[in-house]
Amino acid sequence: MIFRLRYLQHDFELSVGRFVIGRSTECQLSLDDPLVSRKHALLLVTDNYVEVKDLGSRNGVLVNGAKIDAPTRLQDGDKIAVGSQEMTLLARRGSIHPDLPRQSPRFTTDTITSMDPVVNPTVDGPRLLPLSESSPPTENQSTSKRDAFQLLGGVAEKSMALGRHEEAERILSALLEHVLQVYRLGGNNDPALVDDAGRYGAKLAVATAKPHWVNYVIELYTFARRPCSAATIDELHAALRKVKNVNLAALRAYIAMLHDQTSKHGPAERFLVQRIEGLERLAMAQ
């Protein structure tokens, strides 16, 4: 059997042996997540099956949403949650190199910072690379992401309150970029999830004074095809008093899209659109 572990846009080949997941750089998969223990979970990989074990972590290990209390054998497609991170076991019959004899057991150590976005250098600003086998998330997956915002958002806000803006950005970046990626690919229609992502993106814009996060919020709501929430607009007004070089063309395109939908808007939404128009005036003044 060939086993792989899919996490974000990475597939990790699992050779026979032990594959440790945790926050420590000694782990085969190192996750920079405050909810992950230094050595959180162990994958025991054999020729025929993979087994996951909790290494006495603070927050436990979930398989398909259920917390495990003993070593658990995994099946193809099983979801493993470690902290706020979710990964999928992929299995298929065959050998890694069918024309060659199997080499002695080994595996490669891959370290990925879970809260850092995967960057495509050809795009202006950090973006997740296109998903090769993406599909719109289920309702349970949307709920999971909202839960992640509740967990990580509180940690990030404490970091911002202490002036640790880069730390807050590191905690939230991958989750925010993943939500945008889902909408860019045409999936999901969860207003609560968009508002969570928009609010935290705007908070990062205020904290870091980086135009990327203002542009992020505008792009997210453009794909969602709806006005920003009132809380997000409040944060954007604060951000645009100190952020320069915002993508004014994207903001104007977003406002134009909202105007095209005026007939669908009620009084509350029309008021939000007026406040968003005020963002354009602030951006022009910078």
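## Helix axes and a first look

A helix axis is a line fitted to C-alpha atoms over the stretch in contact, and the angle between two axes runs from 0 to 180 degrees between their N-to-C directions. With that in hand, welcome to this structure, which is a predicted model.

The protein holds seven helices and twelve strands. It has 286 residues, and 46% of them count as buried. Among contacts with a separation of 6 or more, 62% are between residues 24 or more positions apart.

## Helices α3 and α4

Let us begin with two helices, α3 (191-208) and α4 (211-224). Their axes come within 8 Å and cross at roughly 165°. Angles over 145 degrees count as roughly antiparallel, and α3 and α4 are therefore roughly antiparallel to each other. The crossing of α3 past α4 is left-handed.

Which residues of α3 and α4 meet? On the α3 side they are Val194, Asp195, Ala197, Gly198, Gly201, Ala202, Leu204, Ala205 and Thr208. Their partners in α4 are Trp213, Val214, Tyr216, Val217, Leu220, Tyr221 and Ala224.

The loop between α3 and α4 contains alanine 209. This alanine 209 has a positive phi of about 60°, although it is not a glycine. Its relative accessibility is 33%, so alanine 209 counts as partly exposed.

## Helices α3 and α5

Helix α3 also packs against α5, at an angle of about 15° and with the axes 8 Å apart. Angles under 35 degrees count as roughly parallel, and α3 and α5 are therefore roughly parallel to each other. Here too, α3 passes its partner α5 in a left-handed crossing. From α3, the contact involves Asp195, Gly198, Arg199, Ala202, Lys203, Ala205 and Val206. From α5, it involves Ala231, Thr232, Glu235, Leu236, Ala238 and Ala239.

Between α4 and α5 there is a loop, and arginine 225 sits in it. Arginine 225 is not a glycine, yet it has a positive phi of about 60°. With a relative accessible area of 47%, arginine 225 is partly exposed.

## The buried face of α5

Which residues of helix α5 (residues 230-239) are buried? They are Thr232, Ile233, Leu236, His237 and Ala239. Seen down the axis of α5, these buried residues fall within an arc of 160°, so they line one face of the helix. The cover over them includes α3, α4 and α7 (267-285).

## Histidine 265

Is histidine 265 buried or exposed? At 8% relative accessibility, histidine 265 counts as buried, because the cut-off for buried is under 20%. Leaving out residues up to four places away in sequence, histidine 265 touches Pro227, Leu258, Arg270 and Val273.

Now for a look at some strands. Alanine 81 belongs to strand β10. Its relative accessible area is 17%, so alanine 81 is buried. Where does the chain meet it again? Alanine 81 and leucine 62 are 19 residues apart along the chain, and their C-alpha atoms are separated by 4.9 Å. Leucine 62 is also among the residues that alanine 81 touches, together with Gly60, Val61 and Glu86, not counting residues up to four places away in sequence.

Aspartate 76 is placed in the loop between β9 (72-74) and β10 (79-82). Along the chain, aspartate 76 and phenylalanine 3 are 73 residues apart, and 8.6 Å separates their C-alpha atoms. Apart from its neighbours within four places in sequence, aspartate 76 is in contact with Leu89, Leu90 and Ala91.

## Cysteines

How many disulfides does the model have? A disulfide is a pair of cysteine sulfur atoms within 2.5 Å, and by this rule the count comes to zero. Cysteine 27 is buried, with a relative accessible area of 0%. Cysteine 228 counts as buried as well, at 0% relative accessibility.

How values were computed
Residues numbered from 1 in each chain as written. Predicted model: local features only at pLDDT ≥ 70, side-chain atom pairs only at ≥ 80, totals over all residues. Heavy atoms only, no water. Buried < 20%, exposed > 50% of the residue type's maximum accessible area, 1.4 Å probe, protein only. Helix = DSSP H or I, 4+ residues; strand = E, 2+ residues; numbered from the N terminus. Arc of directions from axis to C-beta. Contact = heavy atoms within 4.5 Å. Parallel < 35°, antiparallel > 145°, perpendicular 65-115°, else oblique. Left-handed = near helix turned anticlockwise from the far one by under 90°.
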